[in-house]
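Q: I am new to this structure and would like a close look at a single part of it. Could you walk me through how its pieces meet?

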Amino acid sequence: MINHDVVVIGGGLAGMRAAVEAAERGADVAIVSKMHPVRSHSGAAQGGINAALGNREEDTPQNHAFDTAKGSDYLGDQDAIEAMCEDAPRQIIWLEHRGCIFSRLPDGRIAQRPFGGAGAPRTCYSADVTGLVILHTLWEQLERFNVKVYEEYFCTALCVEDGVGTGVVAYNMRNGELELINAKATIFATGGAGRMYAKTTNGYASTADGQAIAFRAGIPMMDMEFVQFHPTSLKENGVLLSEAARGEGAYLLNSAGERFMFKYAPNKGELASRDVVSRAEWTEILEGRGIDGCVLLDLRHLGREKILERLPQIRELALDATGKDAIDSPIPILPGMHYTMGGIETDIWGATRVPGVYAAGEVASPSVHGANRLGGNSLLETIVFGARSAKHACDYIKNVGSVKPSERTLKQEQDRIANWMGKSSGTRAPQLRAAMNKVMSDNVFIFRNEEQLQSAVDQLLEIRKQFDENVYVMDKSKTFNTDLVNTMETDYLIDSAMCVANGALARKESRGAQARTDYPERDDEKWMIHTLAWREQGKNPRLDYSRKVTITKWQPTVRTY
Amino acid sequence: MANIKLDIFRFDEAVDSVPHRDIVAVDVPETMTVLDALETAKAEVDGSISFRRSCRSAICGSCSMNINGVTGLACKTPCNTVMDEQGVIQVDPMPNFQPMRDLVVHMDPFWDKYTRLKPYLQPADKDEDHQTERRVSPEDMKKLVDVANCVMCATCYALCPVVSVDPSFAGPAAIAYAYRFIEDVRDSKREERLAQINEDYLWLCAHCYACSYCPKHVDPNDRIVDVKRATIKDRVMMNERGPRHALIVNKTVKQTGMLAETEVIQGTVGRFNFRGLLKVAPLGLRMAAKGKLPPPFVKPIPKVDEVRTIFDSLEVPVS
Ligand SMILES: Cc1cc2nc3c(=O)[nH]c(=O)nc-3n(C[C@H](O)[C@H](O)[C@H](O)COP(=O)(O)OP(=O)(O)OC[C@H]3O[C@@H](n4cnc5c(N)ncnc54)[C@H](O)[C@@H]3O)c2cc1C
Ligand code: SF4
Ligand code: SF4
Ligand code: FES
């Protein structure tokens with residue numbers, strides 16, 4: 001049995017930022033992560049992180065907050081948005097002081113680039129490896145504070161005793177043992193859920209674990225139907241070519257060689273917000289102006305030097321996957337699943353409804369992104385809410401005496417695993433995962449309608465049943481059993497996918513990333529409310545609309561770019 | 001489509017005393033990466049094959065393994081660049097590491113090398129002294145960005161012959177990371193850092209350039225040269241053999257156009273270090289017996305001026 005004051009589940013940007021904050025405040029904190037922290041998917045973030053530093057043009061946190069609220073199609077909670085945008089410059093300086101390698105302006109200040117949906121160049125970056133440099137900076141701080149990391153421990157369940165969070169159960173991948181980790185406060189920072197779709201910019205490890213774990217412990221998921229499809233992912237493998245490409249001036253072209261974006265966003269063109277660009281691309285493709293189901297991202301006019309200096313990784317990723325060199329050839333791209341705006345419902349401090357349980361980063365939904373996230377705001381969210389949740393948790397634990405070890409949760413998890421491991425035949429998780437991927441990609445994609453969504457809901461429920469009844473794990477080893485881990489991940493993904501499909505079916509309007517062809521308009525009368533999904537064992541989630549959108553300053557208006 | 005036969009190293013440290021191999025065949029596009037082929041094999045044929053992976057886009061550093069005997073990232077290696085005529089690809093765990101399960105190895109010794117560096121910024125002034133960012137010129141940052149591309153995949157560490165004979169050697173990745181702090185104008189511990197990396201056997205690097213195979217173009221070998229230069233420039237631990245050896249080789253070649261081996265030995269070990277010289281004496285005697293003893297003095301070659309001109313034009317002033 002392991003004991004800590006604060007345990008953080010996940011070693012990505014949100015998790016490490018939380019752990020460092022707790023360590024700086026003197027708490028006994030540990031990280032539980034299914035991978036070494038530097039392997040986290042945050043490292044794949046290329047483009048940058050937003051903060052109104054105003055280093056290139058006059059800019060203010062209030063402008064940033066307005067752009068974010070507008071970008072969210074007014075579904076974002078404006079108190080959370082303002083808190084994030086006000087914190088942003090401080091957090092960037094905090095990172096810089098700890099050595100983060102940001103690209104610089106000639107005068108030595110942090111450089112900023114324009115990003116979609118933003119009124120000023122406010123995206124701080126490091127060439128096109130921004131996520132990686134921040135990830136390294138935070139990992140360095142873990143080393144500095146000697147934070148204990150339970151590396152390659154897979155968290156399987158959240159413990160709640162007497163209505164209070166008391167820690168987690170985790171599976172030690174190196175020896176196959178389940179362990180009870182008691183904590184006065186638990187912070188989930190497990191990242192995204194991209195793997196519910198077939199084509200995604202997310203890596204293999206973005207599997208919705210934290211969402212489903214919290215969901216199963218009775219915490220609601222919020223606004224899960226809002227899934228961001230990134231306009232520029234590679235057809236071959238879904239790998240992302242960052243928005244930085246368009247930020248630096250790349251064009252989007254259709255089969256006629258036309259820069260079609262200006263038809264859809266007369267002012268911003270390629271730099272409109274992501275939902276707008278993805279729908280435009282998909283419309284071009286559906287209307288027959290695509291090339292092999294893709295449109296083209298053209299960087300050629302930027303010139304070799306600029307590409308090599310500012311976008312070297314993008315060039316290499318495209319080269320590896322397509323054999324095409326962006327310096328002299330346009331790259332075929334299409335929209336791909338990129339980001340979950342929804343997640344574990346939290347307040348503006350990252351706190352959930354269960355005392356002692358927090359969530360930060362992509363897994364969470366404090367509702368700063370609402371119905372659509374702006375590029376560069378998600379890295380910011382990880383840092384801001386990682387720090388905020390740890391701050392709140394450190395205050396909270398002062399009044400907690402000791403926690404009751406949840407032996408029953410440990411027992412429940414042992415039984416769950418023993419059941420899968422005990423069977424030698426049935427259905428394997430990869431087959432069910434493939435079925436789920438197909439359902440999501442075919443029916444819960446960029447354009448949605450009642451019929452397809454209903455069919456997705458029905459099929460997912462069937463997949464859920466099959467999983468619960470038939471799944472088994474082929475690998476029986478206790479050493480680094482990734483078959484078991486994949487099975488666990490598939491289990492969680494199905495829960496999250498069900499929340500997405502059910503939420504999308506019930507929301508009869510189009511807003512941000514949710515485009516319903518049968519309800520093409522935004523409906524502010526009825527739908528300025530969040531979707532909350534509660535778990536019902538073996539059934540579709542129960543939806544609840546009791547949480548209204550918080551408006552502080554900006555009333556919804558028509559959103560154009 | 002191609003029928004790829006993955007010839008996989010199989011091992012479970014909990015139960016196996018020796019490894020075995022399995023050949024698993026999958027039908028996949030031949031441009032598919034080795035990683036995705038393994039993933040397909042695991043999903044469709046044998047769920048018990050174990051390996052690490054996360055990003056599948058060469059940025060997380062998880063999937064380093066030996067592919068046909070050469071270490072590299074499986075997610076950056078298309079099958080058609082490595083398979084033989086029969087479509088066979090051999091995959092093994094990285095060398096220089098203890099295997100744990102199949103392609104998964106114990107990484108701890110690699111991480112320990114970083115921990116020894118105190119790998120975090122140690123500025124001279126306090127945060128509170130700055131309301132805004134510390135100013136750093138784009139050029140000074142650029143130097144660091146190239147190293148910051150390192151994804152800690154350990155490919156270079158696995159390829160390094162010095163690590164394989166002396167695991168106490170810091171290894172290429174950690175030295176490159178040390179460079180990242182040594183060259184950071186915001187850091188105040190340059191001297192301590194140089195001393196630490198010298199203690200971690202910086203000078204054992206044989207400049208074999210195996211680590212230049214780095215998939216992220218970090219070129220740790222070049223960073224090692226930079227760190228050695230910095231060591232000499234800052235005159236850190238100049239009494240160690242490493243820097244003395246470098247300087248004496250430099251000196252004799254410049255003076256004579258040739259390697260004056262006797263002088264190099266004396267210069268490296270120390271002219272008045274009688275005990276050290278006695279230690280190399282048996283080697284000298286054996287060489288003498290075979291008629292291979294280098295001459296005590298070397299006369300400059302005829303056109304030594306030309307050699308000196310090359311030196312003058314290349315030389316970074318060091319001492
Ligand atoms: C290709 C790509 C590019 C992007 N570019 C940008 C960008 O330029 N700007 C921007 O703002 N945003 C960008 N984003 C989005 C942003 O990178 C992510 O939303 C953000 O990094 C998520 O960080 P995180 O800390 O929440 O999660 P992650 O970095 O995904 O970390 C999750 C952590 O949780 C751990 N974990 C997960 N499940 C478990 C479990 N069951 N048990 C134990 N540990 C677990 C993992 O090991 C990992 O350490 C990009 C996303 C992608 C995919
Ligand atoms: S220097 Fe290159 S090979 Fe070595 S760990 Fe870093 S990225 Fe990998
Ligand atoms: S150049 Fe040095 S560090 Fe690199 S592989 Fe060779 S001996 Fe090792
Ligand atoms: S899977 Fe991330 S580097 Fe290969």
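What follows is a walk through the contacts in this model.

A: Welcome! This is a predicted model, where local features need pLDDT of at least 70 and side-chain atom pairs count only at pLDDT 80 or more, while totals for chains, interfaces and linings use all residues. Residues are numbered from 1 along each chain as its sequence is written, chains are lettered from A and ligands numbered from 1 in the order in which they are written, and side-chain values use heavy atoms, with hydrogens and water left out.

Let us start where the two chains meet. Chain B brings 66 residues to the contact and chain A brings 63, with contact meaning heavy atoms within 4.5 Å. The size of an interface is often given as the accessible area lost when the parts come together. Here about 5,100 Å² is buried between chain B and chain A, and carbon and sulfur atoms give 51% of that (buried area is the accessible area, with a 1.4 Å probe, that two parts lose on being put together, summed over both). On the chain B side, Arg56(B), Ile59(B) and Glu133(B) lose the most area to chain A, together 14% of what that side buries.

Charged pairs join in too: seven salt bridges are counted between chain B and chain A. A salt bridge is a side-chain nitrogen of Lys or Arg within 4 Å of a carboxyl oxygen of Asp or Glu. Glu140(A) and Arg180(B) form a salt bridge through their side chains, at 3.9 Å from N to O.

Now look inside each chain. Chain B is divided into domain 1 (2-105), domain 2 (108-233) and domain 3 (241-314), the bounds coming from an automatic or database domain assignment. The C-alpha centres of its domain 2 and domain 3 are 30 Å apart.

For chain A, the assignment gives domain 1 (230-336) and domain 2 (407-544), and their C-alpha centres lie 31 Å apart. Domain 1 of chain A gives seven residues to their contact, and domain 2 of chain A gives six. Between them, these two domains of chain A bury about 530 Å², 79% of it on carbon and sulfur atoms. Asp275(A), Arg279(A) and Trp282(A) supply 73% of the area that domain 1 of chain A buries against domain 2 of chain A, more than any other three residues. Across this interface between domain 1 and domain 2 of chain A, the rule finds zero salt bridges.
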